[in-house]
Amino acid sequence: MNLAEQIGPLLPVLRRYSRALSGSQASGDTYVRIMLETLVAEPDKWDAGAANQRVAAFKLFRQVWNAVGQEVPAAAPDASGKMAVADERLSALAPESRQALLLTAMEGFTRAEAAEILGVSEERVGELLAEADGEIKALTKANVLVIEDEPIIALDIRGLVEDLGHNVTGMATTRDEAVAAAREGKPDLVLADIQLADGSS
């Protein structure tokens, strides 16, 4: 089997990974193209005898990524002018953490395989995944205003929100209190009792 036959079937997954890693399909394809140009110029860089050629391909891509530069451009809006939430959050992760997360969660590599690709220990991969998890949780944490005139229910809701890792910025029992709390706390999300009375009742 020649080099083209070996690397060809792996190009779709490399393009997917590179797109997620770099922030756009255009920049992702640039990295893959540089990898292919590298192989044409230096075919001995390809480990034809590797037991796992998928791992070998990603290891080579990693070498290109390091050589070209690891800085990921900010996630860009799509044709509709909107920015994909996943892209925005991935671009906020540290480069190594992002790679470890994508290799294991998206590409399905084991931690041992990811460690081989990244050239680090399996223990370090675990640390990187923990860092990525912490960063993602911080990015998805919301400030929540709870509006509920039944105290027991309000406390239950507050407990549920905080157990999910979010912040409760205020508790209100009347419409007037809710307006004041929203102006002061500027919540990302409001959980409200639709039967709430106004402040005069």
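Me: Which helices each supply at least two residues of the lining of the largest cavity?
Reply: In this predicted model, helix H2 (11–22) and H4 each supply at least two residues of that lining.

Me: Which of the helices gives the most?
Reply: H4 gives the most to the lining of the largest cavity, with four residues.

Me: And what residues line the largest cavity?
Reply: The lining consists of Tyr-17, Leu-21, Phe-58, Phe-61, Arg-62, Trp-65, Gln-99 and Ile-117. By class, six of these residues are nonpolar, one is polar and one is charged.

Me: How much space lies in the largest cavity?
Reply: About 30 Å³ of space lies in the largest cavity. The count of cavities of 30 Å³ or more comes to one.

Me: Back to H2. At what angle do the axes of H2 and H6 cross?
Reply: The axes of H2 and helix H6 (residues 95–106) cross at roughly 145 degrees and come within 10 Å. The crossing of H2 and H6 is right-handed.

Me: Which residues make the contact?
Reply: From H2 come Arg-16, Tyr-17, Ala-20 and Leu-21, and from H6 come Arg-98, Gln-99, Leu-102, Leu-103 and Met-106. The residues of this contact comprise six nonpolar, one polar and two charged. Tyr-17, Leu-21 and Gln-99, named in this contact, also belong to the lining of the largest cavity.

Me: Now H4 and H7. Is their crossing left-handed or right-handed?
Reply: H4 and H7 cross in a right-handed manner. The axes of H4 and helix H7 (residues 111–118) come within 8 Å, and the crossing angle is roughly 40 degrees.

Me: Which residues meet there?
Reply: In H4 they are Val-55, Phe-58, Lys-59 and Arg-62, and these meet Glu-113, Glu-116, Ile-117 and Leu-118 in H7. The contact of H4 with H7 has four nonpolar residues, no polar ones and four charged ones.

Me: Switching to pockets: what lines the largest pocket?
Reply: Its lining is made up of Lys-45, Trp-46, Asp-47, Ala-50, Ala-51, Asn-52, Val-55, Ala-56, Lys-59, Leu-60, Gln-63 and Glu-116. About 170 Å³ of space lies in this pocket.

Me: Where does the largest share of that lining come from?
Reply: The largest share, five residues, comes from helix H4 (residues 53–68). Val-55, Lys-59 and Glu-116 line the largest pocket and also take part in the contact of H4 with H7.

Me: How many bridges join E1 to E2?
Reply: Five bridges join strand E1 (residues 143–147) to E2, and the two run parallel. Leu-145 stands opposite Gly-170 in E2.

Key:
Residues are numbered from 1 along each chain as its sequence is written. This is a predicted model: local features need pLDDT of at least 70, side-chain atom pairs count only at pLDDT 80 or more; totals for chains, interfaces and linings use all residues. Side-chain values use heavy atoms; hydrogens and water are left out. On a 1 Å grid over the protein atoms alone, a cavity is a set of points where a 1.4 Å probe fits but cannot get out, and a pocket is an open set with protein on both sides within 12 Å along at least five of seven lines; lining residues have an atom within 4 Å of a point. Grid points are joined across faces, edges and corners, and a volume is the space filled by probe spheres set on the points. Two strands pair if DSSP finds at least two bridges between them. Axes are lines fitted to C-alpha atoms, for helices over the stretch in contact, and angles run from 0 to 180 degrees between N-to-C directions. A crossing is left-handed if the near helix is turned anticlockwise from the far one by less than a right angle, and right-handed if clockwise. Contact means heavy atoms within 4.5 Å. Ala, Val, Leu, Ile, Met, Phe, Trp, Tyr, Cys and Pro count as nonpolar, Asp, Glu, Lys and Arg as charged, and the others, Gly among them, as polar.
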